[in-house]
Amino acid sequence: MRLLVVEDDKDINRQLVSALEQAGYAVDSALDGEQGWFLGDTEPYDAVVLDIGLPKKDGLSVLEEWRSAGRTMPVLILTARDRWSDKVQGFDAGADDYVAKPFHMEEVLARLRALLRRATGHSTNELTCGSVRLDTKSGRVVVAGQAVKLTSHEYRLLAYLMHHMGRIVSRTELVEHIYDQDFDRDSNTVEVFIGRLRKKLGVDIIETVRGLGYRLDPDAAP
Ligand code: CA
């Protein structure tokens, strides 16, 4: 899954990016409202963390413009603790959730997991496909009770496919959701990752749909 962080405080921005990367997400970041708006308008993020008080374009305007242009990704806003009006205005502008500053990183991570779950139609952190279980909270992948160690790209790839189980996911879509903006993207590497993932998992839950992409079968035998 790929996330966007829009926050003008450099320290908070860096802390968010590093915590989210550590949690297994591809992350892009912006330090002002204009750049943030542009990224959210042009890249397909799975969720966004958006500060309200931003230079160049405030967070509420950014959010309103995304929503009126039909951008539906889940948005978690960061508000000042004593500004209840930020929360009300934020929800009315199209926010899905909020966290008040100063925040605990664990809370941001938990709220993002919940938003990503809801957006993809899952109700728990644990996603299961056949004998493969992926826990989005711990980042652990287990096959038939045995832990499997994955690289960050392999994990992102599997997590994206598992969130979208049952649906055909094209190679282009995978590229857009597992790499951050600065990564030298090459859709051929997706094929390589899929091959490694199949080998590491030891069970073939990833179906290749010729000419279209890949699909995980939610009814795969356990
Ligand atoms: Ca700010």
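Buried, as used here, means under 20% relative accessible area, exposed means over 50%, and partly exposed lies in between (1.4 Å probe, protein chains only). The model is a predicted one: local features need pLDDT of at least 70, side-chain atom pairs count only at pLDDT 80 or more, and totals for chains, interfaces and linings use all residues. Residues are numbered from 1 along each chain as its sequence is written, and side-chain values use heavy atoms, with hydrogens and water left out.

Start with helix H2, residues 33-42. Helices (H or I, at least four residues) and strands (E, at least two) are DSSP runs, numbered from the N terminus. The buried residues of H2 are Gly33, Gly36, Leu39 and Gly40. They cover an arc of only 130° around the axis, which puts them on the same side of H2. That arc is taken from the directions that lead from the helix axis to the C-beta atoms. The cover over these buried residues includes S1, S2 and H3.

Strands count as paired if DSSP finds at least two bridges between them. Axes are lines fitted to C-alpha atoms, for helices over the stretch in contact, and angles run from 0 to 180 degrees between N-to-C directions.

Now look at S1. Five of its five residues are buried, so S1 is largely enclosed by the rest of the structure. Both faces are covered. Arg2, Leu4 and Val6 are buried on one side, and Leu3 and Val5 are buried on the other. Five bridges join S1 to S2, and the two run parallel. Leu3 has Val27 as its bridge partner in S2. The pairing of S1 with S3 is also parallel, over four bridges. Here Leu4 has Val48 as its bridge partner in S3.

S1, helix H1 (residues 10-22) and S2 make a right-handed β-α-β unit. A crossover is right-handed if, with the strands pointing away from the viewer, the path from the first strand over the helix to the second runs clockwise.

Move across the sheet to S3. Strand S3 (residues 47-51) pairs with strand S4 (residues 75-80) in the parallel sense, over four bridges. Asp51 stands opposite Leu78 in S4. Contact means heavy atoms within 4.5 Å.

Asp51 also belongs to the metal site. The protein donors of the calcium ion are Asp8 (OD), Asp51 (OD) and Gly53 (O), lying 2.1 to 2.3 Å from it. Donors are N, O and S atoms within 2.8 Å of the metal (3.2 Å for Na, K and Ca); water is not among the atoms, so sites may look incomplete. Along the chain, the donors follow the spacing D-x42-D-x1-G. Asp51 counts as buried, at 5% relative accessibility. Gly53 counts as partly exposed, at 48%.

A further sheet is antiparallel. Four strands form an open sheet in the order S6-S7-S8-S9. Strand S6 (126-129) and strand S9 (146-148) stand at the edges, each with a single partner strand, so one side of each is left without a neighbour in the sheet. Neighbouring strands here are turned by 25° against each other on average, direction ignored. Strand S7 (residues 132-135) and strand S8 (residues 140-143) pair in the antiparallel sense over four bridges. Asp135 stands opposite Arg140 in S8. Helix H6 (residues 152-163) lies across S6, S7 and S8, running at about 100° to S7.

Two loop residues remain. Gln181 lies between helix H7 (171-178) and helix H8 (187-201). At 37% relative accessibility, Gln181 counts as partly exposed. Leaving aside neighbours within four places in sequence, Gln181 is in contact with Arg2, Asp28 and Leu39. Gly211 lies in the loop between strand S10 (206-209) and strand S11 (213-216). Gly211 is exposed, with a relative accessible area of 80%.
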